[in-house]
Amino acid sequence: MNLDDYRGILVFAEQREGEIQNVGLELLGKAKELASEINEEVTAILLGYQVEHLSKELISYGADKVVVVDEEELKFYDTEAYAQAFSSVIKDKKSEIVLVGATTIGRDLGPRVSARVVTGLTADCTKLEISEERELLMTRPAFGGNLMATIICPDHRPQMSTVRPGVMQKFSKDEARTGEVEKFDVEFDKSKMKVKIIEIIKEEKEKIDITEANVLISGGRGVGSADNFKKLEGLAEEIGGTVSASRAIIDSGWIDHDRQVGQTGKTVRPDIYFALGISGAIQHVAGMEESEYIIAINKDKGAPIFNISDLGIVGDVSKIVPMITEEIKLLKSQKS
Ligand SMILES: Cc1cc2nc3c(=O)[nH]c(=O)nc-3n(C[C@H](O)[C@H](O)[C@H](O)COP(=O)(O)OP(=O)(O)OC[C@H]3O[C@@H](n4cnc5c(N)ncnc54)[C@H](O)[C@@H]3O)c2cc1C
């Protein structure tokens, strides 16, 4: 493999039902930054059916070029069809770096594609940098989050990585940006496509995506009980926030797993993050330390969460939360 034949950064622009997923835009932002260091272009790969119009959005978020595979076989996510299309594009374009969002789709697709193009993949990265030797330094938590491992892929190309949603930042949108759109034809090997999608049944409950929230009210074991935990909804309602939790709460079954913040949950970056009765274990902090403003309430003044909080309140969360909620209600009623 002649490594010098491989150029440019390819970003998987995941779309679902014709909507580009945020993580793809976040990765375009990061790719732009990396590309400027190695003087290369950023290409987005868009797979789907009747999705070509989404290219404009990808260009406005920083893609210099969009490669579109627009085929009926890609109407719904199907591992084999998507893997065939994705690996065909990589083989043709000979990309130096390939970035994929660590969503359920990305986690299924990324490793499969990396095997097909005979390279390695570092999963769940939280940091990406370029070394002086022009290698991609892919950093991810290892050993239960107790240390950060930086991994390189020195002998193969592309250098592939999946990155958790919410970790990287989008490039600011500029609708005046221009870029090239290339339609790419793939010859699917249908004999390998064993899955036929007959029907799609959507979950009835409303899906809350905590990575999209501007204000998160996160509760931990210190909240005390399921009843107390429900009271966090009252505060969330008053300030237009969303309730999330530490793993201790998820394990207790007080709220759904998709609200978990942290290494094995989601990475969030809200404007305000309330850490209520949360100790600040490294696995939790890994998922929220990039929040703009962190407010922690904990009865133990030595709790590690105070090391990363902007405002720390030492006290009993079950007393302080109702007080804050009432105060906000009062201020709102005085204003109206
Ligand atoms: C591989 C691995 C992955 C993990 N992934 C995650 C993850 O994704 N997310 C995650 O959150 N955890 C994760 N964990 C678990 C993590 O290590 C901690 O156990 C967990 O975050 C602790 O949750 P907590 O802070 O709610 O509870 P605790 O650590 O028990 O802390 C409770 C805090 O509440 C305070 N408190 C108690 N009573 C009150 C009160 N009345 N008022 C105010 N404060 C009070 C206490 O002082 C304490 O600081 C993971 C662990 C491992 C090994």
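Predicted model: local features only at pLDDT ≥ 70, side-chain atom pairs only at ≥ 80, totals over all residues.
K127 lies in strand β8, which spans residues 127-130.

Phi of R134 is near 70 degrees, which is a positive value in a residue other than glycine. R134 is exposed, because 11 other C-beta atoms lie within 10 Å and the cut-off for exposed is 12 or fewer.

If you follow the chain on from β10, you come to the loop between β10 and β11, where P158 is found. The peptide bond from R157 to P158 is cis, with omega near 0 degrees.

Now to the other sheet. Which strands form it, and in what order? Seven strands form this open sheet, in the order β7-β11-β6-β1-β4-β5-β12, and here the pairing is parallel. At the edges stand β7, residues 121-125, and β12, residues 180-183; each has a single partner strand, so one side of each is left without a neighbour in the sheet. Neighbouring strands of this sheet are turned against each other by 20 degrees on average, direction ignored.

Strand β1, residues 9-12, and strand β4, residues 42-48, run parallel and are joined by four bridges. V11 stands opposite A44 in β4.

Two helices lie across strands of this sheet. One is helix α1, residues 22-38, which lies across β1, β4, β6 and β11. In the numbering, β6 is 97-101 and β11 is 159-163. Helix α1 runs at about 170 degrees to β1. The other is helix α3, residues 79-93, which lies across β1, β4, β5 and β6. Helix α3 runs at about 155 degrees to β4, and β5 covers 65-70.

Between α1 and β4 there is a loop, and N39 lies in it. Phi of N39 is near 60 degrees, a positive value in a residue other than glycine. N39 has 7 C-beta neighbours inside 10 Å and therefore counts as exposed.

Next, the division of the chain. There are two domains: domain 1 is 3-192 and domain 2 is 210-335. How far apart are their centres? Taken over C-alpha atoms, the centres of domain 1 and domain 2 are separated by 33 Å. The two do touch: seven residues of domain 1 are in contact with nine residues of domain 2. On the side of domain 1 that touches domain 2, three residues are nonpolar, three are polar and one is charged.

How many residues surround the ligand? There are 30, and the closest are G220, G222, R247, G262 and S279. Four elements each supply at least two residues of this shell: α6 (247-252), α7 (282-285), β16 (293-298) and α9 (317-335). By residue type, the shell around the ligand divides into seven nonpolar, 18 polar and five charged.

One last residue. E290 lies in the loop between α7 and β16. E290 and K319 are 29 residues apart in sequence, and their C-alpha atoms are 28 Å apart in space.

How values were computed:
Residues numbered from 1 in each chain as written. Pairing = 2+ DSSP bridges. Axes fitted to C-alpha atoms, helices over the stretch in contact; angles between N-to-C directions. Near = placed C-beta within 6 Å. Nonpolar A, V, L, I, M, F, W, Y, C, P; charged D, E, K, R; others polar. Domains from an automatic or database assignment. Buried ≥ 20, exposed ≤ 12 C-beta atoms within 10 Å, placed from the backbone.
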